[in-house]
Amino acid sequence: MSLGFVTIGSKVESVYKIDLYLILSIYEVVQMPANLTPQYLEVEQKYRAAKALPEKIAALQEMLKVIPKHKGTDHLRADMRSRLSRHLEQLEKPSATRSGGPQPFNIRKEGAGQVVVIGLPTSGKSEVLNALTKATAIVGDYPFTTKVPNVGMMSFENINIQLIDTPALTYKIIQTQLFGLLRNADLFLIALDLSADPINEMATIEQILSGWGIGLLDYGNPSFDSDEGVYKAILVIANKCDMDFRRKNWLAVKEHYGNRFNIVRFSCLDGTGFQRTKKQTFSGLNKVRIYTKSPGGTPQYDNPMVINCGSTISDVAYRLHKEWKGKLKYALLWGSSRFDGQRVGKEYLLSDGDTVELHG
Ligand SMILES: Nc1nc2c(ncn2[C@@H]2O[C@H](COP(=O)(O)OP(=O)(O)OP(=O)(O)O)[C@@H](O)[C@H]2O)c(=O)[nH]1
Ligand SMILES: [Mg+2]
């Protein structure tokens, strides 16, 4: 930007006698960028210096966040946004040569949500996947055993949640592809190794993710993605609680991170934390299970509709069938209502486990 400023500025000098109108319009363009703050220019510098796609995307998002928002920066912001979407497209298609071949990091979402298990080498990510699903990912006591993601389905009560074991965050050659997968995921399970140095591990993980423009939220908040950054809900798995040093390190993890994040004590070997992890993973996805029935019929309890928290009767109806649009009048409700079969309106907010009977 500063380069453009100088060029146009000198043009103003040479043409000002010719056309007053032109001068005024150039003057307007020149004036506006002067409002860019040092904070913005610093991030812009970071963007120019960034080589890898994750850092470029992170810097652009930060630029959009800190840039003064007024008419004078409209063009600049539009340009940044289109650059951001070009980078995001590149992320999906890493290179022309690769686009025809297998794309192991491009995993279609299935089940109630897509959850990625992430962390540093040998923290037990692959073992966690094997413990919670029927997957048989290769496990090793040496770093970087996993080179591409492994997928499994984790059953929780009457639903399935997609779980993905990933290569270590520090595995350099796949970082851009991993970044794409992480951006798209609904929830992170962060695996820490209680037998090593979990405090440092967590700090390193947070630092790497922050360098990619990904902020961490406690699992009670829904993940969200905007032009100005990506925030992901997380659940921390303090793994290997069956091993030496576990007690000291568990207490340290709780003390350092317990007030920010939900942390589950876990062991792949003895089953500690399995149930809690499944339950908390589901609640971290911010979804509710809704059962529908026809008048006189019975709901299918083994096949709920899984829909976002905050959904209403109308949302359920439209998801079932478009023809409910305009036709829906009310519903009868079992579950969160004061009494069974209570009549509720279209905007009624649903809770997990509600049964709904729609009426037109
Ligand atoms: N005692 C104990 N060992 C575990 C546990 N979970 C994993 N391990 C061991 O830790 C080592 C690393 O496990 P992996 O699952 O391969 O670790 P990873 O995080 O996938 O490692 P990378 O793929 O290299 O990033 C293996 O020797 C596992 O057997 C656990 O809960 N308890
Ligand atoms: Mg692994």
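**Notebook: a magnesium site and an open sheet**

I began with Ser 126, which is buried at a relative accessible area of 8%, where buried means under 20% relative accessible area with a 1.4 Å probe and protein chains only. Before going on I noted that this is a predicted model, in which local features need pLDDT of at least 70 and side-chain atom pairs count only at pLDDT 80 or more, while totals for chains, interfaces and linings use all residues. I also noted that residues are numbered from 1 along each chain as its sequence is written, that chains are lettered from A and ligands numbered from 1 in the order in which they are written, and that side-chain values use heavy atoms, without hydrogens and water.

I then looked up Thr 146 and found this residue buried too, with a relative accessible area of 10%. What coordinates the magnesium ion (ligand 2)? I found Ser 126 (OG) and Thr 146 (OG1), at 2.0 to 2.1 Å; donors are N, O and S atoms within 2.8 Å of the metal (3.2 Å for Na, K and Ca), and the site may look incomplete because water is not among the atoms. Ser 126 lies in helix H6 (residues 125-132) and Thr 146 in the loop between H6 and strand S2 (150-156), 20 residues apart; helices (H or I, at least four residues) and strands (E, at least two) are DSSP runs, numbered from the N terminus.

Next I turned to the open sheet of five strands, whose order is S10-S9-S13-S11-S12, with mixed pairing; two strands pair if DSSP finds at least two bridges between them. Strand S11 (residues 330-334) runs antiparallel to S12, joined by three bridges, and I saw that Leu 333 has Gln 342 in S12 as its bridge partner.

Note on methods
Buried < 20%, exposed > 50% of the residue type's maximum accessible area, 1.4 Å probe, protein only.
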